[in-house]
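Hi,

Here is the structure I promised to pass on. Have a look at it first, and then read my notes below.

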Amino acid sequence: MSVDTSKVATSNANKAATPKNGGPAGSIANWADERLGLATVMKKNLRKVFPDHWSFMLGEIALWSFVVLLLTGVFLTLWYTPSMGEIQYNGSYDQLRGIHMSEAMASTLNISFDVRGGLLMRQMHHWAATVFVASMMVHLLRVAFTGAHRKPRELNWVIGCLLLLLGTLEGFTGYSLPDDLLSGTGIRAADGFLKATPVVGTYMSFFLFGGEFPGEAIIPRLYTIHVLLIPGILLALIAAHMLLLVYHKHTQWPGPGRTEQNVVGFPMLPVYAAKAGGFFFIVFGVIALMGALLTINPVWKFGPYDPTKVTAGSQPDWYMGWPDGLLRLMPGVESVIFGYTISWNVMVPILIVPPLMLVILMVLPFIESWVTGDKREHHLLQRPRNAPTRTAVMVALMTFYGLAWAAGGNDIIAIRFDLSINQITYFLRAAIFIGPLIAFWITRRWCISLQRHDNETLLHGYETGVIMRSADGGYSERHLPIDGARAYEITARDRDEIYELESDVDGNGVAAPGTRVNALRAKLSKSMFADNVQKPTTEELTEAHHHAEHEHQLQAGLDHPADGHQFDGHDSAVEGHELRSR
Amino acid sequence: MVLLLLGLLLTGGLYTAFSPAQAQEQESEAELAAQGRELFLVGCSFCHGQNGEGISDAREGYQVGPSLVGVGAAAVDFQVGTGRMPLAQPAAQAPKKKVVYNEEEIAALAAYVASLAPGPAIPDAEDYSIEGLSAGEREEAIVRGGQIFLTNCTACHNFNGSGGAMPRGGYAPTLRDVPPRYIFEAMLTGPQNMPNFSNGNLSPEEKRDVIAYLGSLNETPEYGGFGLGGLGPVSEGLAGWIVGIGGLVGFAVWIAAHTTRSTKEKAEA
Amino acid sequence: MSSPHDSVPAVSDHGGSVPATQEPIPDPGLHKHTWRPTDVDDRLAKRAERQIAAMFVLSMLCAVLFVVAYFTLEIGDSFDTVGYLGASTVALGLSLAGALLFIGVGVIQWARKLMSDVEISEPRHPAKSSDADRAATLQSLDLGAKDSGIGRRPLIRNTMLGAVGLLGLPALVVLRDLGPLPGDRLARTIWQPGMRLVRDVLGTPVKPSDMEVGDLINAAPEALFPTEENGYEEIEGVELNVEKAKGAIIIVRMEPGDIVSTQGDNWSVDGIVSFSKICTHVGCPISLYERTTHHVLCPCHQSTFDLADSAKVVFGPAARPLPQLPLAVNEDGYLIAQSDFTEPIGASYWEREKES
């Protein structure tokens with residue numbers, strides 16, 4: 001509903017303002033605008049342009065699954081009791097009737113078996129959480145691979161990383177709430193992580209649990225964190241993320257008419273609003289479908305938490321899987337210094353590597369802009385191949401993550417594929433170091449050869465699949481120039497510039513300050529860009545085309561363009577020429 | 001090792017050649033044991049020794065086949081009845097497979113091994129069935145069985161009885177759809193690497209309760225939809241990525257895709 | 001704003017080194033818009049309209065089905081099922097999914113088929129504010145700073161910073177009562193000399209003769225199963241869980257000759273040994289015991305301990321053996337503990353060595 005400003009009264013005197021014309025909608029709009037001044041805000045944004053591409057909707061999945069989380073979460077709070085007070089279960093699930101358990105677990109069973117739609121909502125909430133974190137992850141990868149985190153969007157990238165961290169913590173606090181056997185085992189492991197913290201570990205553990213593990217404080221405390229603290233911060237950060245998105249305007253793929261100075265796409269109203277709004281219902285619907293058909297976290301089978309019990313396949317949800325995998329890979333190293341214990345076997349995989357990974361992720365755009373010296377704004381996306389080093393770094397990080405993740409499921413891999421957990425672990429211990437290096441090298445070379453291929457296509461045209469025989473009997477494949485729009489798309493990228501150290505000394509012959517840092521920067525810049533293939537220059541292109549024309553002349557006898565479709569009946573584009581009758 | 005394989009091959013061949021005639025209906029224990037001994041000599045003695053004393057390869061330092069003295073009829077009934085024995089090939093663990101012997105032959109083998117030394121007998125149906133109990137007692141038995149199960153069994157066999165991994169390629173097999181008799185015998189005799197839960201450890205009633213709990217799991221519906229293998233968060237995470245992210249990205253591609261174009265011009269444009 | 005954008009050469013402020021003329025291929029400008037079948041054929045547009053409306057109707061139908069399923073399908077004691085699945089959850093979920101998906105697909109189909117698909121172009125502006133705005137803002141800030149005199153009156157400024165900074169202290173201190181101080185609580189368990197070992201869940205004491213070689217018993221201290229007969233004090237709730245979490249043990253019996261070593265002299269009884277069930281890595285309970293190798297595996301991170309050899313670590317991330325519980329037999333023939341564990345059980349912590 002657009003606000004028709006013509007209906008807004010011009011007078012603002014003592015007499016009540018009345019719209020010049022229009023029915024009830026007009027008068028409501030008028031009423032609201034006189035108090036909120038909406039028209040000024042909305043006139044700019046209602047027709048705001050958003051570019052259309054499937055990969056731009058990945059973040060939307062995260063946004064909408066967060067909304068589903070809020071809705072289903074509120075439903076669950078109506079019945080859930082965040083208490084570790086012990087009661088006897090007398091609900092509908094036969095196999096646990098009469099067992100003593102915490103009120104948290106009993107109310108979870110109650111939601112699952114005695115509230116109509118309760119199990120559906122519980123499963124939808126859990127599936128939505130799974131999808132929420134997963135979609136943040138693929139969104140992050142899309143942004144990184146296309147260079148959308150460059151200036152001016154670095155801060156939004158940092159906010160996004162924080163959202164990923166908070167989403168993960170929110171997930172952990174959430175799946176810990178039922179107080180079933182699996183979640184309790186997870187909390188106990190978390191207690192182990194706290195205790196491994198040097199100096200303050202035991203204090204942190206006692207403060208968090210309100211005494212010795214398991215205590216009776218952890219569930220209510222996690223509940224407050226889960227429904228109030230983290231969602232509050234998440235909401236604020238999501239709002240900031242969206243505001244910055246609107247302010248910067250969305251990035252777009254380069255193409256004809258799409259430049260750094262504009263954004264081409266569909267207007268917010270009606271097209272984008274319909275597509276985004278429709279997508280909300282689809283995300284909600286798919287999550288409902290999963291909640292209806294796929295069991296997730298059957299707490300009734302795990303039973304209530306009991307610190308003496310455990311189940312095979314004790315794993316965290318997928319997003320906590322990779323630190324868990326690192327824990328499994330880490331050899332048992334512990335040192336005692338001056339009588340104090342330092343548990344490297346827990347600290348390295350939990351307290352050191354994951355925070356380090358997060359920091360690396362957050363500073364990626366800053367490091368890149370420092371190395372490249374590129375301080376321009378970028379609104380056109382890069383194809384991953386056109387930033388080979390960045391793409392390779394991301395693939396290396398993904399490989400590291402993936403291998404750690406696989407380690408987190410090594411027991412399931414072992415039974416499903418008939419392998420030995422010991423062998424898998426030994427293999428992964430080596431692969432986690434070697435794998436990312438190999439992945440980096442392969443990806444980088446792959447990107448560069450793709451760049452080379454792009455240039456080939458630009459200079460010599462695409463391969464038509466038509467084999468030509470020359471007069472002296474030689475065979476060659478006919479290449480034809482690609483169309484202008486496609487050629488422009490391929491060349492719509494910057495040339496890389498290698499930063500070079502100008503001089504180690506300043507004007508007075510004294511070592512210039514910061515030279516060492518700049519030397520490092522030059523070295524990095526060189527290794528980042530030196531092997532890249534640059535797009536052809538105008539001269540090269542002209543020369544190549546001259547050459548092609550010359551070839552054409554040589555190929556006498558073929559006096560018409562061939563597009564490779566002459567023989568399959570699809571050559572309608574070539575007018576006036578029929579190679580065979582149809 | 002080659003020798004062992006050869007022996008196993010021979011076993012199979014000889015077995016088919018010496019396949020015994022139908023067992024008589026009324027046989028005394030001793031007759032049965034005698035018959036079992038013949039079967040044993042043909043099918044089992046290569047690994048377990050002429051008198052079931054087991055064979056150790058002193059040179060290579062490993063055991064070809066463990067001693068069967070004192071393992072009792074229950075162990076034979078489990079190992080042969082589930083097809084784990086005779087072994088097809090040496091492995092970290094004998095897998096469940098097609099049963100080679102028929103019921104009478106298994107009974108004969110069991111009788112022979114039981115005759116070597118006293119050991120756990122094959123349980124009777126009433127040992128592992130809660131048929132005879134009142135409804136209230138049954139429910140109690142199931143609840144108690146669930147607690148015993150979660151304490152003693154889930155660690156290896158998983159909360160759903162779906163099985164789990166053990167060191168060096170070993171595994172705890174699934175317990176779902178395993179006949180109660182074999183579950184009882186497995187607890188009693190501790191096959192392969194599984195620890196015993198002998199009658200002094202868990203009383204027969206307690207074993208019965210565990211079986212009753214497992215049976216109740218089979219009878220209750222999957223309240224929340226398809227179970228994804230009952231393997232816990234790993235399979236759930238995989239489903240979340242494939243179905244959730246996969247499906248939604250598919251929708252996103254559809255939403256952003258260009259619709260078909262017409263070659264015509266719009267009339268008023 | 002909605003006209004096809006003029007062909008603009010790609011960005012050229014590349015430090016001035018690559019002039020725009022060197023762009024090898026000029027921007028051909030936005031594609032000419034081509035129409036969709038629904039734009040040019042009214043009949044097709046009508047059909048799309050009907051399709052979309054049909055989806056909304058289907059959505060309504062699903063919403064009604066949801067309500068019907070809600071009131072007709074039983075949950076609780078007499079669960080309705082479809083196949084092997086819970087009928088209520090499946091029916092509610094499918095109808096809800098239908099109601100939502102049909103709206104979503106309908107709306108998007110509307111956007112794809114009927115709403116204008118002419119791409120429009122909107123100019124971008126640099127993220128930074130204009131120089132004039134910056135100057136004005138700086139001026140205002142300056143004015144504000146001058147007005148307040150914060151630069152001229154360092155006494156006020158410094159004391160205020162101090163006051164605000166010190167507020168962090170109450171904020172931190174007020175959290176002190178989140179929990180008690182650890183003391184030496186982690187180093188002790190409920191085990192005491194002479195306490196009997198009882199089966200977990202069942203609470204029955206164990207005699208050596210109950211156990212055969214290869215047996216595994218998941219056990220607990222008898223004090224957690226107080227009865228009138230054994231005279232232990234009533235224990236429940238938090239305290240019970242805390243002691244359970246520390247006191248849990250596994251008892252296994254092996255051939256006495258198989259025992260390579262124990263952590264103390266005479267800590268085993270006829271091949272029966274008992275160890276803490278709590279993994280020394282991060283504290284998962286472990287009881288995945290292999291009778292032939294005497295190895296026990298942790299299902300959380302796969303630390304493997306050799307119970308025949310003082311539970312030393314043979315694989316995985318744990319760094320220390322499981323603490324052993326010294327065993328003896330009392331005059332009634334039951335297994336008892338000679339003493340508490342001689343070192344803290346479970347996950348490592350900073351001051352662990354100081355306490356053992």
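Leaving out residues up to four places away in sequence, A:S65 touches A:A128, A:V131, A:F132, A:S135, A:V283 and A:I287. Before you read too much into that, keep in mind that this is a predicted model. A:S65 itself sits in helix α3 of chain A, which covers residues 58-77. Is A:S65 buried or exposed? It counts as buried, because A:S65 has 28 C-beta neighbours inside 10 Å, and the cut-off for buried is 20 or more. A:L166 lies 101 residues from A:S65 in sequence, and their C-alpha atoms are 15 Å apart in space.

Chain C has eight helices and 13 strands. Its radius of gyration is 38 Å, whereas the globule rule gives 21 Å for 356 residues, so chain C is more spread out than a compact globule. Along the principal axes, the C-alpha trace of chain C spans about 100 × 80 × 50 Å. As for burial, 42% of the 356 residues of chain C count as buried. If you take the contacts in chain C with a separation of 6 or more, 55% of them come from residues 24 or more positions apart.

One local detail in chain C is α7(C). Its buried residues are C:N241, C:V242, C:E243, C:K244, C:A245, C:K246 and C:G247. What do these buried residues of α7(C) pack against? The answer is β5 of chain C.

Now for the interfaces. Between chains C and A, 92 residues of chain C are in contact with 103 residues of chain A. On the chain C side, the elements that give two or more residues are α3 (87-113), β3 (120-123), β5 (216-221), α7 (237-247), β11 (312-315) and α8 (352-355). Which of them gives the most? That is α3(C), with 17 residues. Sorted by class, the side of chain C that touches chain A has 53 nonpolar, 22 polar and 17 charged residues.

There is strand pairing between these two chains as well: β4 of chain A (residues 262-267) is joined to β3(C) by four bridges, and the two strands run antiparallel. If you want a place to start looking, A:G265 stands opposite C:I120 in β3(C).

Chain C also meets chain B, with 40 residues of chain C in contact with 31 residues of chain B. At least two residues each on the chain C side come from α1 (37-40), β2 (85-86), α3, β5, β8 (288-289) and β9 (295-297). Here too α3(C) gives the most, this time with five residues. The side of chain C that touches chain B divides into 18 nonpolar, 12 polar and 10 charged residues.

Last, chain B. How many residues does each domain bring to the contact between them? Domain 1 of chain B brings 13 residues and domain 2 of chain B brings 13 residues. On the domain 1 side of chain B, the residues that touch domain 2 are six nonpolar, five polar and two charged.

Cheers

Conventions
Residues numbered from 1 in each chain as written. Chains lettered and ligands numbered in written order. Predicted model: local features only at pLDDT ≥ 70, side-chain atom pairs only at ≥ 80, totals over all residues. Contact = placed C-beta atoms within 7 Å. Nonpolar A, V, L, I, M, F, W, Y, C, P; charged D, E, K, R; others polar. Buried ≥ 20, exposed ≤ 12 C-beta atoms within 10 Å, placed from the backbone. Pairing = 2+ DSSP bridges. Rg over C-alpha atoms; globule rule 2.2 N^0.38 Å.
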